[in-house]
Amino acid sequence: MTLRVAMIGYGFMGAAHSVGWRQAPAAFDLPSDVDMAVIVGRNEAAVAAAASKWGWAESATDWRAVIARDDIDIVDIVTPGDSHAEIAIAALEAGKHVLCEKPLANTVDEAEAMDAAARRAANRGVRSMVGFTYRRVPAVTLLRDLVAEGAVGEVRQVRAAYRQDWLVDENEPLAWRLQKEHAGSGALGDIGAHIIDMTQFVTGLAVETVSGVVDTIVKQRPLLDAGAASSGLSGHAGSGVGEVTVDDVAIFTGRLSGGALVAFEATRFATGRKNQLTIEVSGDRGALAFDLEDLNSLQFYDRTAADDRQGFTRILVTEPVHPYVSGWWPAGHLLGYEHGFSHQAKDFVEAIAHGVDPTPSFADGLHVQRVLEAVERSSEHESAWVAVAAHEPALLT
Ligand code: SOE
């Protein structure tokens, strides 16, 4: 069987997903062949160039016509969040398996409609999945497996952060990721969604309540040059300025089912941190820690070890026994950011071929969307802030 893929969108995630679709069949023995059939975008010349560059057989500009085709089996949505719901629901109702980038949607209402469409489609054997690819970094899957087998004991606390700094420059122009009508939210939904999903994935516990604050640090930015192609991350400044309508930073606390507290931080203003996602799970028997800037490693602290040898040990997650690694290289030959997208493509193809619903599901994506909205509601009610009496620190004399 061959699964023929149509990818809608061609920005940064379009590039990453294209690598995933191209590499997965080379690295793993998949139950179905994958045909990178068509890539879709509004700019005819730009999407044709993307097709040629990334290995898509065709390019097109009308996503509705593409999802109506009988020779398409999978629709991979990598557009900004403002089109996820319309495209995903139409594709599911057309009987196409759907992979949709994170966050699932821009609002809870949209995410609920997508989840409902996914449930209806699943009854017809149509599969759907959300693109939280960091679950599929081998060290993160191993972190989840070790927590599940009790390596840290009872989860008592989690720390999860995703820090970038591409907006520290006030002259970075107003790309779509900075406009609520396109992105839904800023750092909170773009990178906060990842750490919410990852926390739930590795602990097996759901975020039940939150309290937090979101803030916009730079409130106006130069408008994008009208003709500039933008991946939403950067582009060329044009003339004039526009309002930033999303958050630059989100800091919030979550309470997990079972009672453990989580400290979350999602920011685009962590000067010097380029793409640092970190998570640390603390339990009564030990701790596990992951840092995306060292993505082939996992730090493990075992409180049950003899007193004279306790300390964080580094697990190099490159052994064939480790998740996904057997598809690649011998021990010690490291993987990168892009491999998670191949693992995502592999797992999606296998789920479709084996007739099972993949994870994370649209229901998982909907729960993340509810957490995002709860953080925004919490931030709007600043009554949780308690003023502290002014203090004049004594000057050094
Ligand atoms: C921008 O913050 C971004 O591209 C996110 O949108 C992706 O989900 C993340 O993997 C890398 O950074």
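Predicted model: local features only at pLDDT ≥ 70, side-chain atom pairs only at ≥ 80, totals over all residues.

Reader: OK, how many residues surround the ligand, and which are the closest?

Author: There are 12 around it, and the closest are Y134, Q164, R177, D190 and H194.

Reader: What's the distance from the D190 side chain to a ligand oxygen?

Author: A polar side-chain atom of D190 sits 2.5 Å from an oxygen atom of the ligand. For H194, a polar side-chain atom is 2.8 Å from a ligand oxygen, and for R177 a side-chain N or O atom is 3.0 Å from one. As for cover, the ligand taken alone exposes 310 Å², and the protein buries 96% of that.

Reader: And how does the shell divide into nonpolar, polar and charged?

Author: The shell has 6 nonpolar, 3 polar and 3 charged residues.

Reader: Where does the ligand lie relative to domain 1 and domain 2?

Author: Between them, because domain 1 (2-134) and domain 2 (138-294 + 296-335) both give residues to the shell around the ligand.

Reader: Switching topic: how much space lies in the second largest pocket?

Author: About 200 Å³. The lining of that pocket has 16 residues, and T278, I279, E280, A289 and F290 lie nearest its centre.

Reader: Which elements give two or more residues to that lining?

Author: Those are β7 (155-163), β12 (261-267), β13 (276-283), β14 (286-291) and β15 (297-302).

Reader: And the lining by class?

Author: The second largest pocket is lined by 8 nonpolar, 3 polar and 5 charged residues.

Note on methods:
Residues numbered from 1 in each chain as written. Heavy atoms only, no water. Near = heavy atom within 4 Å. Polar contact = N/O pair within 3.5 Å; in protein donor to acceptor, adjacent residues only side chain to side chain. Areas by Shrake-Rupley, 256 points an atom, 1.4 Å probe, with all protein chains shown as cover. Nonpolar A, V, L, I, M, F, W, Y, C, P; charged D, E, K, R; others polar. Domains from an automatic or database assignment. 1 Å grid on protein atoms, 1.4 Å probe; cavity = no way out; pocket = protein on both sides within 12 Å on 5 of 7 lines; lining within 4 Å. Points joined across faces, edges and corners; volume = space filled by probe spheres on them. Helix = DSSP H or I, 4+ residues; strand = E, 2+ residues; numbered from the N terminus.
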